[in-house]
Each structure stands twice: as C-alpha cells, then as structure tokens.
Amino acid sequence: MTAAIRRTVNFPGVSMTRLKSMLGAYNGHLKQIEQRLDVQITHRGDAFYIDGDIDAVERAESLLQRLYDESEISSQISADILHLMIQGSQTDRELMDDSEQEHTGLDNVWLQTPKGRINPRGTNQKRYVQRILQSDISFGIGPAGTGKTYLAVAAAVDMLERNEIQRILLVRPAVEAGEKLGFLPGDLTQKIDPYLRPLYDALYEMLGFEKVAKLIERQVIEVAPLAYMRGRTLNHSFVILDEAQNTTPEQMKMFLTRLGFGSRAVITGDITQVDLPRGQQSGLAHALRVLEPIKEIHITRFHSRDVVRHQLVQKIVEAYEGWDSEQNRLSAEARAERKARQEALMNEHDAAADAQHQEV
C-alpha cells in the first residue's frame, strides 16, 4: 500500500490574474485534478497543499507547475487543455522506467506547420514523432483518439515545408465499417475521399483549404486507395497508410515494398477494430509479428492512457478493453472446463475397458 503524504507547492508573488487562470471557474481545475488523481488540494494565497498517495501527489504537483507556466501565456485555461495536461502527466509517469536512450531529446520534439507549431502530448506521442522523423518505416498502433494519424500528417507537412520530401501520399484500404455504402459516384479521388476524411481534416487544419486544394491539383498531395498502389515505386515521398488493420497480409506486403529512395512510410491502425470479413487475417497484425525482428522499423504502441480526446473516450476504450479481457478469460475457462470433462470421460472409458478386459 502506498503511503499518504502532504506536499506544499508555492508560487511566490503570483498575480490574481494568473491565479484565476490556474484555479479555473469556481476552482474547477483543482476539482478536476482532485477527482482524476484522487488527491485533496487546499489553496491558501500563493500556497497549495496536496494530500494523497505519493505517486498521485507528485503528479498533482507537476500539474500545478504546468498550470502556472500555462497561465503566463493564457489568461483562461480551458478544461480541454487541463484534460490534455492530466493525460500527459499520466503517460509521462508510467513511462519513467524506460531507458535513458529512449528519453534522449524527447523534450525538444515538436513539429512546425504553416498554421503553427504542434507539440506532442506525453512521452509516448513524443517518442512516436521522434521515431517518424528518424525512421524510414514507423508503425503507430493503438485505440482511437491517441493522435496516431494527426501526428503522422503533421510530420509529413513539417517535412514537406522543409523540402525533405517532394510529395505526400495518403493511402487507405477502402473497407466499409460494417455497413454497405453501395455505388459511389465520381472519379477516383471522389470515390476514396469519404474514407480519407480524417486525413483531409488534419491537412486543412495545418495548411488551410486553399493551399491543400492547390497541392492536390499539382499532385504534391496525392490520394489513393491501397489497391491502386501495386506496381508503383515511391521516391522522395511521405506515405501514410491509415486504418491499416483493414489490409490483408498480401496488401500490407505490397505496400511496404513500394518504398523508394528518400521516402518515409507511417502505418497507423487499431488491431481491435478490424472491419475485414470474418475469418480474414489482418495484414497489420501479421506484419507486426513478421517485422518485429527488424530493428530499423519502429513500432509505437498507444494505450487508453494516451487518449487525447474527451476524457470519456479514455473511459470508453478502457471499458471495451476490460470487457474483451473478461470475455477472453471466460472463454479460456470454458475451454479448460470442456477439456477437463473430455479427459474425465476418456479416463472413465479407459477404466471401464480395463475392467471389462480383466473380467474376460
């Protein structure tokens, strides 16, 4: 059991404006930290007293310092920003036991786009971006809301702006998510557009609508369904394969072997949300097993603690993970019970056969 402690955090001379920004409306920020971290925070003047388990108290102490730093540049810190801070503190804490080499330079990892600078949230996102910038092939695996696709697009835009690549390719398997959409009118780009909307949204946010339209017209940004990648060699390109869990092993191998000189590939997906026909193996899950021995290929695994959307998204992801784990446990117990019954029946049959043989 972790010992309970009290820590005091002082911000000497803090102005009333900054203090209001730190506390939030009706001390809402402090209440959210107390609820999420299971601590008690008492505020008197420029001093904050934190009571709770040592790990939670240290996280709360770090969060108060982050709020103080943020209040210097923002007179009103939103609940969303605080949520991201709490998420980042959780990830940082849980990954502190990683090797020193893994943390080298993570504090200076960020991406620059025409619309502004993008800072990864938490150690896992920083590591993901660092690996993208340093590796020719990177995988980002994990649940929705962890920033896999958004950060991959940001890295592509950053490298395009620095002329390290000549074009960006957005690729996605055209697999319907459990519902039949029927015939889609239009040319190739118009047909695949609905499947690539998350990638477009990120591009618009980082480059603006007009610039994205011009780059697509000049084919600097190219949109393609995965099936149309066969036979191509991609040089000086940044290729993003999104929703890779819906590829087949053959499609994944085909995609990975398209990479040419001066190119970079990022593969993102969530192996818990496969939309392939029942019984069809996911190319992403297969590739993770096959490529694991290759040191030059980096795999970043995200978890529910890395979710940077609404805090309910994290709880939803954790609820599904808990449900799946429980169902797997029950299935394993049922299989073990069936096996035990079969063995018992076989033993009874053998014993009866032996008894009959002795009587004869």
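User: In this predicted model, is the crossing of helix 11 and helix 12 left-handed or right-handed?
Analyst: In the predicted model, helix 11 and helix 12 (residues 283-291) pack with their axes 8 Å apart and at an angle of about 60°. That angle makes helix 11 oblique to helix 12. As for its hand, the crossing of helix 11 and helix 12 is right-handed.

User: How many nonpolar, polar and charged residues are in the contact of helix 11 with helix 12?
Analyst: Helix 11 brings Pro-249, Met-252 and Leu-256 to this contact, where they meet Gly-283, Leu-284, His-286, Ala-287 and Leu-291 of helix 12. Gly counts as polar in this classification. By class, the residues of the contact of helix 11 with helix 12 divide into six nonpolar, two polar and no charged.

User: Which residue of strand 9 is the bridge partner of Leu-169?
Analyst: Strand 7 (residues 167-172) and strand 9 (residues 237-241) pair in the parallel sense, and five bridges join them. One of the pairings sets Arg-167 against Ser-237 of strand 9. For Leu-169, the bridge partner in strand 9 is Val-239.

User: Which residue of strand 10 stands opposite Val-239?
Analyst: Strand 9 also runs parallel to strand 10, and four bridges join the two. In this pairing, the residue of strand 10 that stands opposite Val-239 is Ala-265.

User: Why is strand 9 described as largely enclosed, and which of its residues point the other way from Ser-237, Val-239 and Leu-241?
Analyst: Five of the five residues of strand 9 are buried, so strand 9 is largely enclosed by the rest of the structure. In a regular strand the side chains alternate between the two faces of the sheet. In strand 9, Ser-237, Val-239 and Leu-241 point one way, and the buried residues that point the other way are Phe-238 and Ile-240.

User: Is Tyr-200 buried or exposed, and what is its relative accessible area?
Analyst: Tyr-200 has its place in helix 9. In space, Tyr-200 is 9.1 Å from Leu-170, C-alpha to C-alpha, although the two are 30 residues apart in sequence. Since a residue counts as buried under 20% relative accessible area, Tyr-200 is buried, with a value of 2%.

User: How many nonpolar, polar and charged residues has the contact of helix 9 with helix 10?
Analyst: Helix 9 (residues 197-207) and helix 10 (residues 209-217) pack at about 115°, with their axes 7 Å apart. From helix 9, Tyr-200, Leu-203, Tyr-204 and Leu-207 meet Phe-209, Lys-211, Val-212, Leu-215 and Ile-216 of helix 10. By class, this contact has eight nonpolar residues, no polar residues and one charged residue.

User: Which strands does helix 3 touch where it packs on the sheet, and what angle does its direction make with that of strand 3?
Analyst: Three strands form an open antiparallel sheet in the order 1-3-2, with strand 1 (4-10) and strand 2 (40-44) as its edge strands. Helix 3 (residues 54-71) packs on this sheet and touches strand 1 and strand 3, and its direction makes with that of strand 3 an angle of about 150°.

User: Which residue of strand 3 stands opposite Arg-44?
Analyst: Strand 2 and strand 3 (residues 47-53) pair in the antiparallel sense over five bridges. Opposite Arg-44, the residue in strand 3 is Ala-47.

User: What percentage of the residues of the chain count as buried?
Analyst: The chain holds 13 helices and 11 strands. Among its contacts between residues at least 6 apart in sequence, 73% join residues at least 24 apart. Of the 360 residues of the chain, the share that count as buried is 43%.

Notes. Residues numbered from 1 in each chain as written. Predicted model: local features only at pLDDT ≥ 70, side-chain atom pairs only at ≥ 80, totals over all residues. Heavy atoms only, no water. Pairing = 2+ DSSP bridges. Contact = heavy atoms within 4.5 Å. Axes fitted to C-alpha atoms, helices over the stretch in contact; angles between N-to-C directions. Parallel < 35°, antiparallel > 145°, perpendicular 65-115°, else oblique. Left-handed = near helix turned anticlockwise from the far one by under 90°. Buried < 20%, exposed > 50% of the residue type's maximum accessible area, 1.4 Å probe, protein only.
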